[in-house]
Amino acid sequence: MLYIPGNNPAMIQQAGVYGCDAVLLDLEDAVALNQKDAARILVRNMLKTVNFYDTEVCVRVNNFHTPFGLTDLEEIVPLQPDNIRFPKTETVADVKEFMKEVRRIEKEHGIKNPTMTIHVMIETAKGVANVYDIAAADPRIDAITIGGQDLTADMGIIKTPDGVGIDYARKRIVMAGKANDLDVLDTIFADVNDDEGLRKETEYIKKIGFAGKALINPRQVDVVHDVFNPTENEVRKAYRVYSEFIKNKKAGIGVFAIDGKMVDAPVVQRAITVLEYAKIDLKEIEKNAG
Amino acid sequence: MTPKFKAQAGTFESSDIMILIEPLEKDSGRKVDISSTVMLQFEEDIKATINQVLDTLQVQDLHLIAKDKGALTQTIEARVETAVKRSLGIQEGTM
């Protein structure tokens, strides 16, 4: 997910061509305090007119407890971007208050079947402590994300390249997300000139369960895709596992072996995840296996 | 409505437009001055877009100066709306 400053028309109008899976149009930290009105009006106009192609569009509004949050919602919610991100979420009460306003605005604009989902962003120690309850606070939450810069500031530490200071928070947020079937997205990698550092961090966060990473420059897109995209070998293996699973399922067999290695439900689930990342249609495999 | 203050919105970056507004005396009408990197091709379109926003917001008696660097229509509309609201002192949710 590529962060784009909400007051930068050049970047917003090109957002659909950067090749990332999602863009975040930022009204919060990327916008100076005296430009909040300008960014809000610009993002509103861009949402109405720009073609973002297949790129998912998220808008990060300002926190509800600032002078800007409610005005942001009044302008953005009626346009129903794919998602709205709620920054610095600390408690279930925050989510309830936020969702109450979102639903009020949708009702006032006659939006009966809202499609917009909510991303909650955990950026404080209090948010990390409450993350399990926050993740389950509303059915429209479909992703949870960690804000590493604000979190380290809140904790009074410096974010180091090895990420040790936020490691506990990362893992706790992943577990809370997984427990509630949410996508979990990692924080930004600030040094746009350090591709190796970005690759190393992305490999690590993939290993511990994150589904994606926030980016601050289009140059970072390829590195992150390279890490998250499965290799050809992984896809072939997953295809074979799922194909054999379908055949065995029809024969009433739940556990079987491939090349002497046991294949049970968790192995099949991992294979499905790889195939989904590779955008391979499971129904096609099921048809061929039949 | 008539602007109360001098105000500006936008930047001199590529794909953006800088709008400056200053109030004029009552019944002076509108004065719009445009300079653009795409003046020959789009001067009339830019002027029409600016006037359309001013009509919608029902503002008169102002001098508007636009310095365009190839902004799209929705960007011009956003910057004019922001500048007008700032000049009217009704911008919400900013500092």
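**Two chains in contact**

The contact takes 18 residues from chain A and 19 residues from chain B. This is a predicted model. On the side of chain A that touches chain B, three helices each supply at least two residues: H1 (9-13), H2 (36-49) and H3 (69-76). H2(A) gives the most, with nine residues. By type, the residues on this side of chain A divide into nine nonpolar, five polar and four charged.

Now step back to chain A as a whole. Chain A is divided into domain 1 (2-228) and domain 2 (232-289). The C-alpha centres of these two domains of chain A lie 33 Å apart.

Next comes the sheet of chain A. The sheet is open and has eight strands. Their order is E1-E2-E3-E4-E5-E6-E7-E8, and the pairing is parallel. At the edges stand strand E1 (2-5) and strand E8 (212-213) of chain A. Each has a single partner strand, so one side of each is left without a neighbour in the sheet. Strands of a sheet pair through backbone hydrogen bonds, either parallel or antiparallel.

Look at one pair within chain A. Strand E2 (residues 22-26) and strand E3 (residues 56-60) of chain A run parallel, joined by five bridges. Ala22(A) stands opposite Glu56(A) in E3(A).

The loop between H1 and E4 of chain B holds Gln58(B). Phi of Gln58(B) is near 55°, a positive value in a residue other than glycine. Is Gln58(B) buried or exposed? Gln58(B) has 8 C-beta neighbours inside 10 Å, so it counts as exposed; the cut-off for exposed is 12 or fewer.

Lys88(A) is found in the loop between strand E4 (83-86) and helix H4 (92-108) of chain A. Phi of Lys88(A) is near 50°, again a positive value in a residue other than glycine. Its surroundings are another matter. Lys88(A) has 24 other C-beta atoms within 10 Å, and is therefore buried; the cut-off for buried is 20 or more. Thus Lys88(A) is buried, whereas Gln58(B) is exposed.

Notes. Residues numbered from 1 in each chain as written. Chains lettered and ligands numbered in written order. Predicted model: local features only at pLDDT ≥ 70, side-chain atom pairs only at ≥ 80, totals over all residues. Pairing = 2+ DSSP bridges. Helix = DSSP H or I, 4+ residues; strand = E, 2+ residues; numbered from the N terminus. Contact = placed C-beta atoms within 7 Å. Nonpolar A, V, L, I, M, F, W, Y, C, P; charged D, E, K, R; others polar. Domains from an automatic or database assignment.
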